Amino acid sequence: MKKLVDGIDRISEFFFGKAGKNLLSLVTLWLVFISITGINLKTREWENPIRIIQDDVHLYYIYLPAVFVHHDLTFGFFQEEPDYQRKFWLSAHPETGVRIPKMSMGMAMVYAPFFLVAHYFVMPLTGAAGGVYAIPYKVALVVASLLYLLLGLWLLRKLLLSYFGEAAVSITLVVVAFGTNMLWYVTHEPAMSHIFSFALILLMAVQTQRWLAKPGIKQSLLPGLLFGLIVLIRPTNIIFGMIILFMPGKAVYRFRERVQFILSNYRGLIIMIAGFLMVWAPQLVFWKFASGSWFYYTYGEEGFFFGNPQVFSSLFSWRKGWLVYTPLMLLAFAGLPLLYRKQRGLFNLTAIMLVLLVWVNASWWCWWFGGSFGNRAYIDGYGIFAFGVAAVAQAMLTQRFRLLRAAFLLITGFFVFLSAFQQWQYRQGIIHYDAMTRAAYSDAFFETTLRPDLQGSLVDPDYAPGVKGIYYPPHEISKAERQKRNYRILINRPYLEEYLKNSAGNDPALMRRILAASPQTDTAAALEKWVDDKITRMWK
């Protein structure tokens, strides 16, 4: 392998000069980008009425129609437009009546240049139907995602080449782009936030290195602006502020020296904070206008359980375990000892980000993050975790034993194929979006058709207990068991109704609660309603 790579380098240098020495990773980058662009052109998700602007994207995107189409930041138009109400929900503030999107406006800022091109140029030229959900707007978001993918891969290549060889960098680019669930989020749900965060975090890392080399005003402002945008896109990304502390520069990394550097360049730190606040200013002003407070928590009862993180489930659950559906990211962990021996600065950054991101993601009440392929919340950190992947690739490619090198390439290739194949299965519904179990995974492994029996072992997560930090309650049962239970309820409903009525009649305290819940109805009607509600809940 080493001889092959050296030969490619010599041929590249002959034809392209010194720039040709890095041709292998450059060709890999462009092949990856062109392939992913080709997948988008083939699937044409923007033609599907319910794709691209979907799920969380509605709440990222709605700021743009509010400003540029409806000119109404009270979001009063939401109540008047049935098309919006069919797609998502906006809660009104109890005192001001202003509707406040659940998501912050970071993604709207990222979308804005692309949205404006579609709104002021493409839409007038094409006259496309569909309002703010018309195809030109969707295509604009897909183009945004692809350009951020290209930016992210370009920056990742640039950073990796500072520490690793051409072949290791090329393999790492393939692993990150095709061997992880990031592929899904640049081909089928490209407007989600993850690929944008991935690229911006890498850009912040590069700008931090420039600041370390020359801590001037411009070099100080850019990391602050980028950090502000990264956090505004996804507030939990505040942990990537560790890049300022731990990103290695050209000198040998030492934590004490980094702290001393930051303190001695306190003016630069102040400029960074100012840049951060500049990005956040529109959001803070909007919250103040909409709620009367500078900070407004939009997630209601949803929150974190930092004392009860579901670490094992987040990493290894059959439902949505990160390393079950993206097993190649085990290389990020395997690379830590190698980084510790040879790149201590990269080790510190990678290890700290792995620990923090796992802890934060596992502490969120919905640790499986709703419907998705694998655990999507980890994608944001792939640019940092790639250092560990590259360290393993470098170590294996420089092995003296050809068999080990060949085994590494074969195993890596298999898992890249497996990841891409499982994402195809996910698109076909063979892998479920949030109800997978060990049995379901085993039954679906390398299946190419969606058979009815594959659905029987699925188990829907119970979201209501999850909000309270209660996971896997006893009433989470498989779909097959639920069908049997519901059939028993159906054929025995008369007996069940009589049993419940008798139980209520023999329990005065329960009867008082039933009557208190329906004060406007008579006793018989209140009891009938309670029985019906009880059976309905049992049916669910």
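Reply: R451 is partly exposed, with a relative accessible area of 28%; on this scale, buried means under 20%, exposed over 50% and partly exposed in between (1.4 Å probe, protein chains only). The model is predicted, so local features need pLDDT of at least 70 and side-chain atom pairs count only at pLDDT 80 or more, whereas totals for chains, interfaces and linings use all residues. Residues are numbered from 1 along each chain as its sequence is written, and side-chain values use heavy atoms, with hydrogens and water left out.

R451 takes part in a salt bridge with E447, in which the closest N and O atoms are 2.5 Å apart. A salt bridge here is a side-chain nitrogen of Lys or Arg within 4 Å of a carboxyl oxygen of Asp or Glu. The structure contains 12 of these bridges. Another joins E528 to K501 at 3.1 Å, N to O. Because E528 belongs to helix α28 (residues 523–539) and K501 to helix α26 (residues 493–505), this pair ties together parts that are 27 residues apart in sequence. Helices are DSSP runs of H or I with at least four residues, numbered from the N terminus. E528 is partly exposed at 38% relative accessibility, and K501 is partly exposed at 29%.

The bridge between R51 and E45 spans 3.4 Å, N to O. R51 counts as buried at 15% relative accessibility, and E45 is buried at 4%. Both residues belong to a network of salt bridges that also includes R427.

Turning to the rings, a search of the whole structure finds 51 aromatic pairs. Rings of Phe, Tyr and Trp (its six-membered ring) pair if their centres lie within 6.5 Å; planes under 30 degrees apart are stacked, over 60 edge-to-face, and the rest tilted. F68 is partly exposed at 26%, whereas F115 is buried at 2%. W322 and Y382 form a stacked pair, 6.3 Å centre to centre with 15° between the planes. W322 is in helix α17 (residues 322–325) and Y382 in helix α21 (residues 382–397), 60 residues apart. W322 is buried at 0% relative accessible area, and Y382 likewise counts as buried at 0%.

Note on methods
Helix = DSSP H or I, 4+ residues; strand = E, 2+ residues; numbered from the N terminus.
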